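Me: I would like to go through this model with you, one topic at a time. Please keep the answers plain.

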Amino acid sequence: MPVFPDKITPNVSYGSRIKAYAVGLVHGHFVSLERTAQIIRDQYNIYPSNGTVQNWINEAQAQLLPMYQQCAQTIVHSPVAHFDESGVRVNGKLNWLHVAATSNAVYYSVHTTRGQGGIDAANILPQFTGCAVHDHWRAYWRYAQATHALCNAHHLRELLYVAELTGHDWPLAIKKLLIEGKKAVELAQAQGLMAVPLEQIESFSKRYDECIANGLLMCPVKRSYHADKR
């Protein structure tokens, strides 16, 4: 008599590997429920329904939830973490997907509010005391217990937009400089160094100042009406 795994109890049942495969297709490769069921049918000649696949996802969610909650605490206690938000549709209405992440942990939460309400609901940045890396969105600056750094991935996109908008060279020069700086950090890390050599930092700083000066020359800062009134 064959011996079946303990979890194989009814006449028609599915093992943990096929369940994991289906969950991976849906949430790892963004395949729809219907297409996932079709793929499993074509590959294994078994016929799970869309609802069955969704039940497997729910089962995986329940099992992963404690680990997922631990990810939040890992981020809270990290020296550096990245924060961002992006629009997402929930039942046809605009919501906001808030993300907090390090190199080895990520935490997502969905909220109707893009700003402080959504950030507070995730409850990571309110507890975070390390260096928070993010874009210029004003809500992030409210959390004074953390130090803050602006995200260069956002800067690169913005510099490209400014270059296309104005036709100026200085945004592309800054873009090139930021990429060179990133490569210099990666090289220093590969060599086991604690920091980029000082002379290289000074060179980067000098070139950066020159780029900013060229940008201000081409696009002078105009004082606002309110600033003039003061």
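Me: Where does Ile212 lie?
Reply: Ile212 lies in helix H7. Helices here are DSSP runs of H or I with at least four residues, strands are E runs of at least two, and both are numbered from the N terminus. This is a predicted model, in which local features need pLDDT of at least 70 and side-chain atom pairs count only at pLDDT 80 or more, while totals for chains, interfaces and linings use all residues. Residues are numbered from 1 along each chain as its sequence is written, and side-chain values use heavy atoms, with hydrogens and water left out.

Me: Why is Ile212 classed as partly exposed?
Reply: Ile212 has a relative accessible area of 30%, so it is partly exposed. Buried means under 20% relative accessible area, exposed means over 50%, and partly exposed is in between, with a 1.4 Å probe and protein chains only.

Me: How far is Ile212 from Ala173, C-alpha to C-alpha?
Reply: Their C-alpha atoms are separated by 9.7 Å, and the two residues are 39 residues apart along the chain.

Me: At what angle do H6 and H7 pack?
Reply: The angle between H6 (residues 170-190) and H7 (residues 198-218) is about 165°, and their axes are 9 Å apart. Axes are lines fitted to C-alpha atoms, for helices over the stretch in contact, and angles run from 0 to 180 degrees between N-to-C directions. H6 and H7 are therefore roughly antiparallel to each other. Angles over 145 degrees count as roughly antiparallel, under 35 as roughly parallel, 65 to 115 as roughly perpendicular, and the rest as oblique.

Me: Is that crossing left-handed or right-handed?
Reply: H6 passes H7 in a left-handed crossing. The term applies if the near helix is turned anticlockwise from the far one by less than a right angle; clockwise gives right-handed.

Me: Which residues in H6 meet H7?
Reply: From H6 they are Trp170, Ala173, Ile174, Leu177, Glu180, Gly181 and Ala184. The residues they meet in H7 include Phe204, Arg207, Tyr208 and Ile212. Contact means heavy atoms within 4.5 Å. The residues of this contact divide into ten nonpolar, four polar and two charged. Here Ala, Val, Leu, Ile, Met, Phe, Trp, Tyr, Cys and Pro count as nonpolar, Asp, Glu, Lys and Arg as charged, and the others, Gly among them, as polar.

Me: What does Glu180 contact, leaving aside neighbours within four places in sequence?
Reply: Glu180 is in contact with Phe204 and Arg207 on that basis. Glu180 and Phe204 are 24 residues apart in sequence and 8.8 Å apart in space, C-alpha to C-alpha. Glu180 is partly exposed, with a relative accessible area of 26%.

Me: And H5 with H6: at what angle do they pack?
Reply: H5 (residues 152-166) and H6 pack at about 155°, with axes 8 Å apart. H5 and H6 are therefore roughly antiparallel to each other, and their crossing is left-handed. Among the residues making the contact are His155, Leu159 and Val162 of H5 and Trp170, Ile174 and Leu178 of H6. This contact divides into ten nonpolar, two polar and one charged.

Me: Changing topic: how many residues has the largest nonpolar core?
Reply: The largest nonpolar core has 19 residues, and Ile75, Phe83 and Phe128 are among those with the most contacts inside it. Such a core is a set of buried Ala, Val, Leu, Ile, Met, Phe, Trp, Tyr and Cys residues joined through side-chain atoms within 4.5 Å. H3 and strand E1 (80-90) are the elements that give two or more residues to this core, and the largest share, four residues, comes from H3.

Me: What does Ile75 touch, not counting residues up to four places away in sequence?
Reply: Its partners include Ala81, Ala105, Tyr107, Ile124 and Phe128. Apart from this core lies another, of ten residues, among them Tyr14, Ile18, Val26 and Ile57.

Me: Which loop holds Phe30?
Reply: Phe30 is in the loop between H1 (16-29) and H2 (33-44). Phe30 has a positive phi of about 60° although it is not a glycine. At 72% relative accessibility, Phe30 counts as exposed.

Me: And where does Asn45 lie?
Reply: Asn45 lies in the loop between H2 and H3, and its phi is near 60°, a positive value in a residue other than glycine. Asn45 is exposed, with a relative accessible area of 55%.
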